[in-house]
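This report covers the contact between two chains and then the build of one of them. The sequence and structure come first.

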Amino acid sequence: MEEYREKKIEPKRAALLSVIPGCGQFYNRQPLKGVIFLLIFFLFIWEMLSFGIGALHGLVTLGSTPGEDHSLFLLIEGSLQILVIIFFLGFYLINIYDAYKVANLWKIGARVNTSVKAILKNLYEHGFPYLLTVPAYFAMIFAIVFPVLVTLLIAFTNYDFYHIPPANLIDWVGFKNFANIFTLGTYRETFVAVLSWTVIWTLCATTLQITIGIFTAIVLHQKFIKAKRVFGVIFLLPWAVPAFITIMSFSNMFNDSIGAINTQVIPLLNQLPFIEIGALPWKTDPFWTKIAIILVQGWLGFPYIYVLVTGILQSIPDELYEAAKIDGASAFQRFRHITFPSILTMAAPIFITQYTGNFNNFSMIYLFNEGGPGSIGANAGSTDILISWIYKLTTGTSPQYSVAAAVTLIISIIVIGISLFIFKKTKAFEMGD
Amino acid sequence: MSAKSEFHYKLRRFANRFFTYFYLILLSVIIIYPLLITASSAFKAGNLTAFSLDVSADWTLNNFKRLFTETLFGEWYVNTLILALFCMVVQVSVVTLAGYTYSRYRFVGRKQSLKFFVIVQMVPTTAALTAFFVMALLLNALDSMWFLAFLYIGGGIPMNTWLMKGYFDTIPIDLDESAKLDGAGHFRIFWQIVLPLVKPMIAVQALWAFMGPFGEYMLAKFLLRRPENYTVALGLQTFISNPFEQKVALFAAGAILIAVPICILFFMLQKYFITGLTGGGTKG
């Protein structure tokens, strides 16, 4: 090593040499690394020449001869190529950074691994965490990132039932789908109606389930209650039974003419004094369908909150309440100043996920009444939320894939924007430690 | 304390107890009624069109027999079981490894990739239907369970990795350090020291991953086409979507066969949920 130290190694020069990957590493006397980096570089060039350039070209044109060029496949191949390029760029930056850093080590006279064995050992020691997370990344990239990328691209095309490849070509249309959603009469009306119901639904249903959950937890937390375990088990049942079963059962029970609510429950309630209700149009009147859906979601969703809040309540020390009592705080004041703030600070992130979850709660809407009753244009029913509208746009008899993709993007931006904002505010998911 | 205020106190205490029990019992009835009405319909003879609670009806096991002879329920059940077990094994392994790494190792890009997990977790992936459709076309994977499994697993990873990391964080790192001093390698520390301590969380994760395919409807409906490839959620829906087909009793029977085993698993692991929720979700 002594002889190398005399020839000065300049970090800047090493970084500059790594413009061709590997060269900086050779300069740093790490031939194995250099060979590997150079090989990756050649592999990328070979990939670009044999596949990449064609794929990118296909992505730009989306094919030119109908029946021969399959626009969708060109789109997918192009997206894959974009991912490959992003990965290569990542590698390229690491390569330059590595050259710079190792050269710096030489400069300050620190130990640098030059032997093959030492580099491999170092790779194992420091590469171990990456090795363990590779499967997670692989699955996420192909099940989340790649589909999102493809959706992003499709939102800017005219892919719909008039343009089904390979018989027809798909073309880029820029922001036309987005413009249509916001300006074209039918789409705009539907979009506004669906969006406003989605917001109302999310707020009402989630707030209902959170309120019932918190209230139940507090009521059941009182010390004098007998048979606490029995109640505890009963209150967990709505969570334990798979949701699709309960939603479908409720859907049957809320049937206007033969359902149990109208034939059994309401007559029973009418036995009580001062109560007189007729059979209600649960499935045929949008208003009552909305009420029913929100109530059922309250039923389904509260146990999760109840379990969470019970855990939090158990963690609040009793002394805190005792002290407040001695200071003369009323039960309500104790709740307002001790219980409620503790719940809110500890459970806020989970409450947020409940809101975003209901924003995309397809099962509840679709399995209860298929988004109906009736239609409000552009494939949407009167209780459809954005996600079930997307589903209908994609699966209907005249699919509007590109509009669906555009709506998807709009939803994602809304959801991510709001959650990021709130996560920042509540400082949930702190990155520290 | 004067006699009057004592009376007041007792009255208030009584009122509180009365309303507490009234609320708890009312809520219990509201929860049990729909479940009971569905469950009891499974044992009713005759062709039902709607669930109803009727104790005087004839009781029979015939619906269960019909379920396995007249419908494809057996195949749906096997499909769903395979799917659920596969998702469970793969997802839990991947999530455990990733959660362990983020909790125990400090490496370049750690913070950035944790942020990436949080943001990716918010993307409503199920909405990317068009993309899944196109991918399935290209891979020739329409009507294929493996593609569906892959989507379930990928979609579940970000959030569950977070929860898993949070749970690993609660286990003191001194344990690893002392094992390292004793000469244990990466794998031994993970496998023999830390892993046994997170068994509760692994159990919860496994249950969630297992329950997912039983309950998921949208992607399954979208990707699976032939009835014999259906999962139970899709299959049972065909019984109840058309009230004139009068298969409601079969739906109820099928629902029992699904809900009972899942409920048993659920209540067995129930005590870990609180730790799972508050330990992982809120600490970060």
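## Interface area

Buried area is the accessible area, taken with a 1.4 Å probe, that two parts lose on being put together, summed over both. In this predicted model, chain A and chain B bury about 8700 Å² between them, and carbon and sulfur atoms give 79% of that area. The contact draws on 96 residues from chain A and 100 residues from chain B.

## Polar and charged pairs

Between chain A and chain B there are zero salt bridges. Polar contact is present: nine residue pairs are counted between chain A and chain B, with both residues at pLDDT 80 or more.

On the side of chain A that touches chain B, helix 6 (residues 116-154) of chain A gives the most, with 23 residues. By residue class, this side of chain A divides into 75 nonpolar, 16 polar and five charged.

## Fold of chain B

Chain B has twelve helices and zero strands. Its pattern along the sequence is α-α-α-α-α-α-α-α-α-α-α-α. The radius of gyration of chain B is 25 Å, whereas the globule rule gives 19 Å for 284 residues; the value is well over the rule, so chain B is more spread out than a compact globule. The C-alpha trace of chain B spans about 80 × 70 × 35 Å along its principal axes.

## Burial and contacts in chain B

Of the 284 residues of chain B, 54% count as buried. Among contacts in chain B with a separation of 6 or more, 73% come from residues 24 or more positions apart.

Technical notes
Residues are numbered from 1 along each chain as its sequence is written. Chains are lettered from A and ligands numbered from 1 in the order in which they are written. This is a predicted model: local features need pLDDT of at least 70, side-chain atom pairs count only at pLDDT 80 or more; totals for chains, interfaces and linings use all residues. Side-chain values use heavy atoms; hydrogens and water are left out. Contact means heavy atoms within 4.5 Å. A salt bridge is a side-chain nitrogen of Lys or Arg within 4 Å of a carboxyl oxygen of Asp or Glu. A polar contact is a pair of N or O atoms within 3.5 Å; within protein, one must be able to donate a hydrogen and the other to accept it, and residues adjacent in sequence count only if both atoms are side-chain atoms. Helices (H or I, at least four residues) and strands (E, at least two) are DSSP runs, numbered from the N terminus. Ala, Val, Leu, Ile, Met, Phe, Trp, Tyr, Cys and Pro count as nonpolar, Asp, Glu, Lys and Arg as charged, and the others, Gly among them, as polar. The radius of gyration is taken over C-alpha atoms; the globule rule is 2.2 Å times the number of residues to the power 0.38. Buried means under 20% relative accessible area, exposed over 50%, partly exposed in between (1.4 Å probe, protein chains only).
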